[in-house]
Amino acid sequence: MSRYVAAKAWGKPNVFRKDRYSMFGEGLVMTESDQWVLHRHVIAPAFNPLKLKGMGNMMVESTKKMIERWNYQINYGNHEIDVEREIMETAGEIIAKASFGMEDDENGKIVFRKLKELQMVLFKSHRFVGVPFGNFFAIKKTLEAKKIGQEVDKLLISIINDRMMKSGKSHQEDLLGHLLQENNNGEEKGKFSMRGLVDECKTFFFGGYETTSLSITWSLLLLAMHEDWQNQLRDEIKQVMGNGDFDVDVNMLNSLKKMKWVMNEAVRLYPPSPNVQRQAKEDIRVDNFTVPKGTNIWIDLIAMHRDAALWGTDANEFKPERFKEDANGGCNHQMGYLPFGFGGRMCVGRNLSFMEYKIVLTLLLSRFRFKVSSCYQHSPAIMLSLRPTHGLPLIVQPL
Ligand code: HEM
């Protein structure tokens with residue numbers, strides 16, 4: 001079946017495209033056919049690990065700002081921190097800076113605030129994906145999302161115009177900078193219109209914001225529950241980064257092998273994007289049966305990643321070592337582990353999230369010990385992404 005699933009005849013469901021329009025517009029997540037091929041070809045090089053290295057300092061800076069807030073709170077005797085909220089704030093800042101920059105741009109900061117507002121409106125509203133007239137059940141939220149979406153578009157257009165007028169070298173290291181450079185130098189057919197640039201900025205933000213943030217959040221819960229793994233990662237950080245002040249050397253991130261196993265295991269147990277969608281764009285023959293054109297397939301990653309038939313009887317246990325010898329975690333089906341999707345449409349931003357994950361975790365684990373707070377209520381729920389419904393209060397102790 002896998003080889004058919006990866007085939008070109010499968011696209012993104014129309015219903016999904018419609019439901020997420022205010023987030024992604026016609027950005028890469030939603031484009032199809034030749035348009036998708038052209039845009040993927042232009043966008044993918046921006047996520048090359050060598051190109052991403054330039055973003056390392058910015059990620060360290062935003063994480064250290066969060067650490068300062070935590071230290072301030074801890075100095076006042078309050079050790080319980082809502083880690084989900086904090087990581088969300090920091091990851092949002094990082095992805096906004098990585099997507100369209102905002103250090104010295106007031107409009108960038110407003111866009112960041114508005115995108116977060118839009119995300120809240122969308123995930124809080126009760127949504128009926130694919131139910132005819134479903135939007136009318138939440139008419140107020142739908143209109144609110146539309147209004148914020150239009151405000152964001154206007155601000156992004158002004159940021160882009162500003163950059164085009166300056167046509168300077170600044171910001172080339174962010175993702176918008178990459179697209180503008182490609183528009184100047186690349187082939188005519190791969191160029192982005194203003195609408196396209198705006199939609200890609202939003203796509204980077206929404207594609208990378210909650211996903212990366214939740215991979216860190218769920219990892220911190222799992223590490224708080226498994227102190228032995230906290231210690232193993234701390235030892236690894238010491239070995240790789242040296243015993244000094246635990247600053248991050250972005251050139252050494254690849255050597256954090258155990259940290260990568262932990263990330264793999266966290267997104268297996270708690271996949272931030274809990275499902276992957278496809279729609280048959282034509283009748284597709286699979287062995288003896290035909291999948292009719294228009295059929296939607298939603299792959300439930302949570303069920304698949306915890307299926308004992310694929311993973312064994314310890315499928316529900318946290319065991320990062322399953323990734324030691326096998327990038328597929330020992331799963332007995334090559335399509336059984338899909339936290340970043342599959343085939344040509346596999347997540348284009350995954351290198352950015354690996355880098356951010358390792359930087360944030362290195363800085364946090366080398367400064368703090370984490371324990372689960374007695375106030376924590378375990379209740380993961382799908383609200384667009386897979387989130388802890390009641391946040392993640394952890395007891396944070398300086399080392
Ligand atoms: C832990 C972090 C992340 C997870 C779990 C994740 C997960 C996913 C998944 C499941 C897909 C769908 C793939 C498919 O349909 O086969 C996807 C696509 C995508 N992701 Fe990510 N993602 C993450 C981080 C990021 C980041 C940091 C960015 C950008 C800054 C990003 C941008 C995108 C884009 C643009 C697509 C569409 C790719 C295409 O259709 O060609 N993601 N991601």
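Angles between packed elements are classed as roughly parallel under 35 degrees, roughly antiparallel over 145, roughly perpendicular from 65 to 115, and oblique for the rest. The views show a predicted model, in which local features need pLDDT of at least 70, side-chain atom pairs count only at pLDDT 80 or more, and totals for chains, interfaces and linings use all residues. Residues are numbered from 1 along each chain as its sequence is written, and side-chain values use heavy atoms, leaving out hydrogens and water.

**View A. Helix 7 and helix 16 pack with their axes 12 Å apart.** Helix 7 spans residues 83-100, and its angle to helix 16 is about 135° (axes are lines fitted to C-alpha atoms, for helices over the stretch in contact; angles run from 0 to 180 degrees between N-to-C directions). The two helices, helix 7 and helix 16, are therefore oblique to each other. From helix 7, the contact involves I87, A91, I94, I95 and A98; from helix 16, it involves L352, E356, V360 and L364 (contact means heavy atoms within 4.5 Å). Helices are DSSP runs of H or I with at least four residues, strands are runs of E with at least two, and both are numbered from the N terminus.

**View B. E356 is buried and has no salt bridge.** This residue belongs to helix 16, residues 350-365. The nearest side chain of opposite charge is that of K97, 11 Å away (Lys and Arg count as positive, Asp and Glu as negative; His and the chain ends are not counted). Not counting residues up to four places away in sequence, E356 touches M59, A91, I94, T212 and I216. Of these contacts, A91 and I94 also belong to the helix 7 side of the packing with helix 16. Buried denotes under 20% relative accessible area, exposed over 50%, and partly exposed the range in between (1.4 Å probe, protein chains only).

**View C. K97 pairs with E93 in a salt bridge.** The N to O distance between these side chains is 3.2 Å (a salt bridge is a side-chain nitrogen of Lys or Arg within 4 Å of a carboxyl oxygen of Asp or Glu). K97 and E93 are four residues apart in helix 7, about one helical turn. K97 is buried at 9% relative accessible area, and E93 is buried at 10%. The whole structure contains 22 salt bridges.

**View D. E151 forms salt bridges with K114 and with K147.** The closest N and O atoms of K114 and E151 are 2.8 Å apart. The bridge of K147 to E151 has an N to O distance of 3.3 Å, and both residues lie in helix 9, four residues apart, about one turn of the helix. E151 is partly exposed at 25% relative accessibility, whereas K147 is exposed at 52%.

**View E. Helix 10 and helix 11 pack at an angle of about 150°.** Helix 10 covers residues 175-185, helix 11 covers residues 194-225, and their axes are 10 Å apart. This angle makes helix 10 roughly antiparallel to helix 11. Helix 10 contributes L175, L176, L179, L180 and N183 to the contact, and helix 11 contributes L197, E200, C201 and F204. The crossing of helix 10 and helix 11 is right-handed.

**View F. V83 in helix 7 has a relative accessible area of 0% and is buried.** Leaving aside neighbours within four places in sequence, V83 is in contact with W70, L220, L392 and L394. V83 and F112 are 29 residues apart in sequence, and their C-alpha atoms are 20 Å apart in space.

**View G. D287 and L384 have positive phi although neither is a glycine.** D287, with phi of about 50°, occupies the loop between strand 4 (284-286) and strand 5 (289-291). L384, with phi of about 70°, occupies the loop between strand 8 (380-383) and strand 9 (385-388). D287 is exposed at 56% relative accessibility, whereas L384 is buried at 18%.

Methods. A crossing is left-handed if the near helix is turned anticlockwise from the far one by less than a right angle, and right-handed if clockwise.
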